[in-house]
Amino acid sequence: MNRPLDAGTPAQFRADRLVDVLVPTRNRPTELAVTLSGLAAQEGVPGFGVVVSDQSDGDPGYLHPAAATMVRALRHRGHPVLLTRRLPRRGLAEHRDFLLDASVARYVLFLDDDVWLEPGTLRRLVTAIGELGCGFVGNGVHGLSYLDDVRPDTHRHYREWPGRPVPERVRPGTPEWDRAQIHSAANLLHVTASLALADGDWRAYQVSWIGGCVLYDRAKLVDAGGFGFWRRVPARHQGEDVAAQLAVLARHGGAGVLPSGAYHLESPTTVTERDVEAWEVVLASLDPDT
């Protein structure tokens with residue numbers, strides 16, 4: 001029988017670590033277990049922390065025996081885990097703002113609750129952001145059901161950074177905005193195969209935004225405003241990650257990293273109330289004359 005699970009306390013969790021992984025979740029106990037299993041298998045970044053914040057309609061997903069076992073496995077391997085509830089729901093941006101406030105680590109990885117990371121992914125992302133010195137790096141997620149769906153027309157959007165990323169002002173209707181097409185389906189797997197990278201090699205490439213698996217320099221994310229814009233958007237929104245990344249790009253630059261070790265579980269979305277794009281609201285306040 002599954003024994004009671006210790007949730008931990010915010011005061012105990014907040015510590016000067018290199019990395020914390022922040023996982024927002026709702027109504028996905030099975031997917032959450034898979035996501036946590038990927039984290040439990042990461043090596044090369046000792047002692048990273050994990051925060052799971054649940055907004056499920058019923059019991060929190062981390063109480064499911066499979067998810068609870070992965071929480072215990074993480075702790076057994078030396079990773080502090082904080083389990084929280086954030087109710088009532090005030091929207092995706094507010095939830096991410098809450099998670100960000102739970103950490104004082106140098107880097108924070110926002111990881112969606114339907115993404116599995118293959119071993120070595122976190123170490124590669126941490127290495128990349130340390131060498132590049134930008135505001136964020138990320139792994140676009142693969143949809144393996146699209147593995148045989150090759151879309152060469154999207155590959156033209158892949159452009160490597162020749163050196164360290166520089167700040168960029170990315171807006172809709174520009175070629176820079178169209179870079180997001182590289183993250184659809186299994187495009188990144190096809191691009192990676194064409195690069196024939198040696199073991200341990202990685203490449204940084206130009207992005208507009210990345211969904212699902214993004215590692216931020218926490219101080220630079222906060223400097224760009226973080227997710228504090230949640231107060232200016234209605235609760236029924238999406239695109240909060242786009243809004244935050246556009247702000248970080250403008251101040252500190254950012255990059256995608258290949259190979260990506262992030263795999264989308266392709267489960268149905270739990271975000272069904274999508275009345276507003278948060279990034280549209282934020283950009284309207286930044287560019288009132290456009």
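Modeller: Happy to! Let's start with Glu94, which counts as buried because its relative accessibility is 2%, below the 20% cut-off. Please keep in mind that this is a predicted model. The partner of Glu94 is Arg86, and their side chains form a salt bridge with an N to O distance of 2.6 Å. Arg86 has a relative accessible area of 25%, so this residue is partly exposed.

Next comes the salt bridge between the side chains of Arg96 and Glu240, with 2.6 Å from N to O. This pair ties together distant parts of the chain: Arg96 sits in helix H4 (residues 92-101) and Glu240 in helix H8 (residues 240-252), 144 residues apart. Here Arg96 counts as buried because its relative accessibility is 9%, and Glu240 is buried too, with a relative accessible area of 4%.

A further pair to look at is Arg179 with Glu168, whose side chains meet in a salt bridge at 2.9 Å, N to O. Arg179 lies in the loop between strand S6 (136-138) and helix H6 (187-195), and Glu168 is in the loop between S6 and H6 as well, 11 residues apart from its partner. Both Arg179 and Glu168 are buried. There is also a network to point out: Arg28, Asp113 and Asp114 are joined by salt bridges that share partners.

For the overall tally, the structure holds 13 salt bridges, among them Glu94 with Arg86, Arg96 with Glu240 and Arg179 with Glu168. As for the general idea, side chains of opposite charge can pair when their charged atoms come close.

Conventions: Residues numbered from 1 in each chain as written. Predicted model: local features only at pLDDT ≥ 70, side-chain atom pairs only at ≥ 80, totals over all residues. Heavy atoms only, no water. Salt bridge = Lys/Arg side-chain N within 4 Å of Asp/Glu carboxyl O. Buried < 20%, exposed > 50% of the residue type's maximum accessible area, 1.4 Å probe, protein only. Helix = DSSP H or I, 4+ residues; strand = E, 2+ residues; numbered from the N terminus.
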